[in-house]
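Take a minute to turn the structure around before you read on. We'll go through it a piece at a time, from the surface to the strands and then to a spot inside.

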Amino acid sequence: FAVLPVHDIRFAAGAGAENYDETPIDHYVVSLSLLRSMTTAALQFIKFFEVRGDSMESTLFNRDWIGCDISNKRLSNPGIFALIYQGDPIIKRASQHFETRVVTLTSDNPKYKPMTIKRPDQLEVAGRMFLSIRRF
């Protein structure tokens, strides 16, 4: 089994998210074989964060939890990423154009328009999502 930290850090999927300190507030105990079927990330690079908002519905919902590989920051491989844009933590589908380096951020909810980031130095990649846990 792996004991993985859960952080009191929320990534916005829509409106802003309130964040606290990076000290783990809890831990998830996960079967190592299940974890390895989803990611090859070293255990110290796996973090869990909460999603806030509706911009990623129907994939992620308000108060879902996501598992992220914080060592995987390559936007050249499109996916869902935890990001910091202009100081705000957000969760979006992200991809980066190979030649121009322009980053496109897309929400799954059609009521949110895609964002184009022409200066990728304004964007920090916190990690790539590999798992979501839904509340019912």
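**A walk through the strands**

Let's start with Val 29, which sits in strand 2, the run of residues 24-30. Keep in mind that you're looking at a predicted model. Val 29 has a relative accessible area of 57%, and since anything over 50% counts as exposed, Val 29 is exposed. Together with Phe 1 and Val 3, Val 29 makes a nonpolar patch on the surface, and the three share about 380 Å² of accessible area.

Now hop along to strand 5 (residues 79-85) and strand 6 (residues 88-96). These two run antiparallel and are held together by seven bridges. The hairpin here has two residues between the strands, and in it Gln 86 takes a positive phi near 50°.

Strand 6 also pairs with strand 7 (residues 103-106), again antiparallel, through four bridges. Here Gln 96 stands opposite Val 103 of strand 7. This hairpin has six residues between its strands, and Arg 101 takes a positive phi near 70°.

Last stop: Glu 50, in strand 3 (residues 46-52). Is Glu 50 buried or exposed? Its relative accessibility is 5%, and the cut-off for buried is under 20%, so Glu 50 counts as buried. What is around Glu 50? Setting aside neighbours within four places in sequence, Glu 50 is in contact with Ile 9, Arg 10, Phe 11, Arg 63, Asp 64, Trp 65 and Arg 135. The side chain of Glu 50 also makes a polar contact of 3.4 Å with the side chain of Arg 52.

Note on methods: Residues are numbered from 1 along each chain as its sequence is written. This is a predicted model: local features need pLDDT of at least 70, side-chain atom pairs count only at pLDDT 80 or more; totals for chains, interfaces and linings use all residues. Side-chain values use heavy atoms; hydrogens and water are left out. Patches are made of residues with over 30% relative accessible area and no salt bridge: like charges are joined within 9 Å, nonpolar side chains (Val, Leu, Ile, Met, Phe, Trp, Tyr) within 5 Å. Accessible areas come from the Shrake-Rupley method with a 1.4 Å probe; for residues, only the protein chains shown count as cover. A salt bridge is a side-chain nitrogen of Lys or Arg within 4 Å of a carboxyl oxygen of Asp or Glu. Buried means under 20% relative accessible area, exposed over 50%, partly exposed in between (1.4 Å probe, protein chains only). Two strands pair if DSSP finds at least two bridges between them. A polar contact is a pair of N or O atoms within 3.5 Å; within protein, one must be able to donate a hydrogen and the other to accept it, and residues adjacent in sequence count only if both atoms are side-chain atoms. Contact means heavy atoms within 4.5 Å.
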